[in-house]
Amino acid sequence: MTFYKSNNNDPHKTSLGEGVGRIMTLVEAGFPMEQIPLINIKIPAGHPVQRTTDGNTGVCFPYNFFPNPDHGYIIEVEGDSMIGSNIENGDLLLVDGSASPKHRDIVIASINGEMTVKRYLNRNEYVVFAPENDDYSPIIATNADELDIFGVVLRIIKSPQ
(Lines give C-alpha, C1' and ligand atoms only; values in the text may rest on other atoms or scores of the structure.)
Protein backbone atom coordinates (compact mmCIF):
# COMPACT_ATOMS: atom_id res chain seq x y z
CA MET A 1 0.00 0.00 0.00
CA THR A 2 1.44 3.36 -0.97
CA PHE A 3 0.30 6.89 -0.38
CA TYR A 4 0.95 9.84 -2.64
CA LYS A 5 1.33 13.37 -1.33
CA SER A 6 0.22 15.87 -3.95
CA ASN A 7 0.36 19.64 -4.20
CA ASN A 8 -3.10 21.05 -3.42
CA ASN A 9 -2.82 23.71 -6.14
CA ASP A 10 -2.29 21.30 -9.02
CA PRO A 11 -3.30 17.62 -8.90
CA HIS A 12 -0.47 16.79 -11.35
CA LYS A 13 2.24 18.44 -9.24
CA THR A 14 3.58 17.07 -5.99
CA SER A 15 5.76 18.40 -3.20
CA LEU A 16 8.77 16.78 -4.91
CA GLY A 17 8.27 18.48 -8.24
CA GLU A 18 6.10 18.37 -11.30
CA GLY A 19 4.67 14.94 -12.10
CA VAL A 20 6.57 13.16 -9.33
CA GLY A 21 4.77 11.46 -6.44
CA ARG A 22 6.16 11.12 -2.94
CA ILE A 23 5.74 7.46 -2.07
CA MET A 24 5.48 6.71 1.64
CA THR A 25 5.91 3.31 3.16
CA LEU A 26 3.33 2.00 5.62
CA VAL A 27 5.76 2.71 8.47
CA GLU A 28 6.22 6.33 7.31
CA ALA A 29 2.42 6.66 7.18
CA GLY A 30 2.21 5.61 10.83
CA PHE A 31 1.13 1.98 10.51
CA PRO A 32 2.81 -0.25 13.13
CA MET A 33 4.30 -3.34 11.53
CA GLU A 34 4.81 -6.95 12.65
CA GLN A 35 7.09 -9.51 11.05
CA ILE A 36 5.25 -12.73 10.17
CA PRO A 37 7.28 -15.82 9.18
CA LEU A 38 7.04 -16.87 5.55
CA ILE A 39 7.17 -20.66 5.37
CA ASN A 40 9.29 -21.60 2.38
CA ILE A 41 7.06 -24.39 1.10
CA LYS A 42 3.94 -24.42 -1.01
CA ILE A 43 0.79 -25.82 0.58
CA PRO A 44 -1.11 -28.04 -1.83
CA ALA A 45 -4.61 -26.99 -2.74
CA GLY A 46 -5.21 -30.17 -4.63
CA HIS A 47 -3.97 -33.60 -3.72
CA PRO A 48 -2.09 -33.69 -0.39
CA VAL A 49 1.72 -34.09 -0.49
CA GLN A 50 4.38 -35.14 1.99
CA ARG A 51 5.48 -32.31 4.24
CA THR A 52 8.99 -30.91 3.93
CA THR A 53 11.07 -28.52 5.95
CA ASP A 54 13.00 -25.78 4.17
CA GLY A 55 14.47 -22.46 5.23
CA ASN A 56 12.02 -19.78 6.33
CA THR A 57 12.10 -16.00 6.12
CA GLY A 58 9.84 -13.18 7.33
CA VAL A 59 7.47 -10.64 5.80
CA CYS A 60 6.24 -7.46 7.46
CA PHE A 61 2.53 -6.67 7.60
CA PRO A 62 0.47 -4.07 9.44
CA TYR A 63 -0.17 -5.43 12.93
CA ASN A 64 -3.96 -5.36 12.45
CA PHE A 65 -3.65 -7.88 9.60
CA PHE A 66 -2.85 -10.52 12.14
CA PRO A 67 -4.28 -10.82 15.66
CA ASN A 68 -1.53 -13.13 16.98
CA PRO A 69 1.75 -12.56 15.08
CA ASP A 70 3.80 -14.73 17.46
CA HIS A 71 1.88 -17.81 16.30
CA GLY A 72 1.27 -16.91 12.70
CA TYR A 73 2.87 -17.63 9.40
CA ILE A 74 2.41 -17.07 5.68
CA ILE A 75 2.38 -19.90 3.17
CA GLU A 76 2.00 -20.03 -0.61
CA VAL A 77 -0.75 -22.06 -2.27
CA GLU A 78 -0.04 -24.51 -5.06
CA GLY A 79 -3.04 -25.97 -6.86
CA ASP A 80 -6.69 -25.27 -7.54
CA SER A 81 -8.80 -27.35 -5.12
CA MET A 82 -9.94 -24.23 -3.21
CA ILE A 83 -10.92 -21.97 -6.11
CA GLY A 84 -14.53 -21.88 -4.88
CA SER A 85 -13.21 -20.02 -1.81
CA ASN A 86 -11.23 -17.66 -4.05
CA ILE A 87 -7.92 -19.35 -3.12
CA GLU A 88 -5.88 -19.82 -6.28
CA ASN A 89 -2.46 -21.10 -7.27
CA GLY A 90 0.24 -18.65 -6.16
CA ASP A 91 -1.86 -16.88 -3.52
CA LEU A 92 -0.41 -16.36 -0.06
CA LEU A 93 -2.34 -17.39 3.05
CA LEU A 94 -1.96 -15.69 6.43
CA VAL A 95 -2.43 -18.46 8.96
CA ASP A 96 -2.99 -18.33 12.73
CA GLY A 97 -1.14 -21.38 14.02
CA SER A 98 -2.59 -21.00 17.51
CA ALA A 99 -6.27 -20.96 16.50
CA SER A 100 -8.47 -24.00 17.06
CA PRO A 101 -10.50 -24.72 13.96
CA LYS A 102 -14.23 -24.24 14.00
CA HIS A 103 -16.69 -25.95 11.70
CA ARG A 104 -16.31 -24.54 8.14
CA ASP A 105 -12.94 -22.81 8.76
CA ILE A 106 -10.29 -23.14 6.09
CA VAL A 107 -7.28 -24.86 7.63
CA ILE A 108 -3.75 -26.00 6.94
CA ALA A 109 -3.70 -29.67 7.89
CA SER A 110 -1.60 -32.80 7.76
CA ILE A 111 -3.52 -36.05 7.31
CA ASN A 112 -1.29 -39.12 7.71
CA GLY A 113 1.78 -36.95 7.00
CA GLU A 114 0.39 -35.27 3.88
CA MET A 115 -0.12 -31.49 3.90
CA THR A 116 -3.14 -29.74 2.41
CA VAL A 117 -5.36 -26.67 2.65
CA LYS A 118 -9.07 -27.48 2.86
CA ARG A 119 -12.34 -26.51 4.52
CA TYR A 120 -12.70 -28.17 7.94
CA LEU A 121 -16.07 -29.85 8.53
CA ASN A 122 -16.52 -31.38 11.98
CA ARG A 123 -18.89 -34.36 11.85
CA ASN A 124 -18.26 -35.42 15.51
CA GLU A 125 -17.17 -39.02 14.83
CA TYR A 126 -14.95 -37.95 11.90
CA VAL A 127 -13.65 -34.83 10.18
CA VAL A 128 -14.11 -33.97 6.52
CA PHE A 129 -11.52 -31.84 4.74
CA ALA A 130 -13.56 -30.51 1.86
CA PRO A 131 -12.19 -29.01 -1.35
CA GLU A 132 -13.92 -26.07 -3.00
CA ASN A 133 -13.61 -27.52 -6.49
CA ASP A 134 -15.76 -30.36 -7.84
CA ASP A 135 -12.72 -31.90 -9.55
CA TYR A 136 -11.45 -33.05 -6.12
CA SER A 137 -12.86 -35.45 -3.55
CA PRO A 138 -13.19 -34.70 0.16
CA ILE A 139 -10.73 -36.27 2.58
CA ILE A 140 -12.34 -38.05 5.54
CA ALA A 141 -10.24 -38.40 8.71
CA THR A 142 -11.21 -40.71 11.57
CA ASN A 143 -9.60 -41.56 14.91
CA ALA A 144 -7.43 -44.09 13.07
CA ASP A 145 -5.74 -41.31 11.05
CA GLU A 146 -2.80 -39.18 12.13
CA LEU A 147 -4.22 -35.67 12.03
CA ASP A 148 -2.50 -32.35 12.73
CA ILE A 149 -4.05 -28.93 12.20
CA PHE A 150 -1.33 -26.34 11.64
CA GLY A 151 -3.61 -23.33 11.70
CA VAL A 152 -6.67 -21.50 10.48
CA VAL A 153 -6.49 -19.31 7.38
CA LEU A 154 -7.27 -15.69 8.28
CA ARG A 155 -6.53 -13.83 5.07
CA ILE A 156 -5.81 -14.46 1.42
CA ILE A 157 -3.25 -12.32 -0.36
CA LYS A 158 -3.99 -12.58 -4.05
CA SER A 159 -1.27 -13.23 -6.59
CA PRO A 160 -1.29 -10.58 -9.33
CA GLN A 161 -2.92 -11.82 -12.52
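This briefing covers the nonpolar cores, strand pairing and salt bridges of one predicted model. Local features need pLDDT of at least 70, side-chain atom pairs count only at pLDDT 80 or more, and totals for chains, interfaces and linings use all residues. Residues are numbered from 1 along each chain as its sequence is written, and side-chain values use heavy atoms, with hydrogens and water left out. The largest nonpolar core has 14 residues. The structure also holds 3 salt bridges.

**Nonpolar cores**

- A nonpolar core is a set of buried Ala, Val, Leu, Ile, Met, Phe, Trp, Tyr and Cys residues joined through side-chain atoms within 4.5 Å.
- Buried means under 20% relative accessible area, exposed over 50%, and partly exposed in between (1.4 Å probe, protein chains only).
- In the largest core, Ile43, Ile75, Leu93, Val95, Ile108, Val117 and Val153 touch the most other members.
- Two or more residues of this core come from each of strands S8 (72-78), S9 (92-96), S10 (106-111) and S11 (114-122).
- S8 gives the largest share, 3 residues.
- Another core, of 9 residues, lies apart from it and includes Tyr120, Val127, Ile139 and Ala141.
- In soluble globular proteins, nonpolar side chains tend to be buried together.

**Strand pairing**

- Strands (E, at least two residues) and helices (H or I, at least four) are DSSP runs, numbered from the N terminus.
- Two strands pair if DSSP finds at least two bridges between them.
- S9 runs antiparallel to S14 (residues 147-157), joined by 5 bridges.
- Within S14, Val152 is the bridge partner of Asp96.
- S10 also pairs with S14 in the antiparallel sense, over 5 bridges.
- Here Gly151 of S14 stands opposite Ile108.

**Salt bridges**

- A salt bridge is a side-chain nitrogen of Lys or Arg within 4 Å of a carboxyl oxygen of Asp or Glu.
- Glu88, Asp91 and Lys158 are linked in a network of salt bridges.
- Glu88 meets Lys158 at 2.9 Å, N to O. Glu88 lies in the loop between S8 and S9 and Lys158 in the segment after S14, so the pair ties together parts 70 residues apart in sequence.
- Asp91 and Lys158 have their closest N and O atoms 2.7 Å apart. Asp91 lies in the loop between S8 and S9, so this pair ties together parts 67 residues apart in sequence.
- Asp91 is buried at 0% relative accessible area. Glu88 is partly exposed at 29%, and Lys158 is partly exposed at 35%.
- Glu132 and Arg119 form a salt bridge at 2.7 Å, N to O. Glu132 is partly exposed at 22%, whereas Arg119 is buried at 14%.
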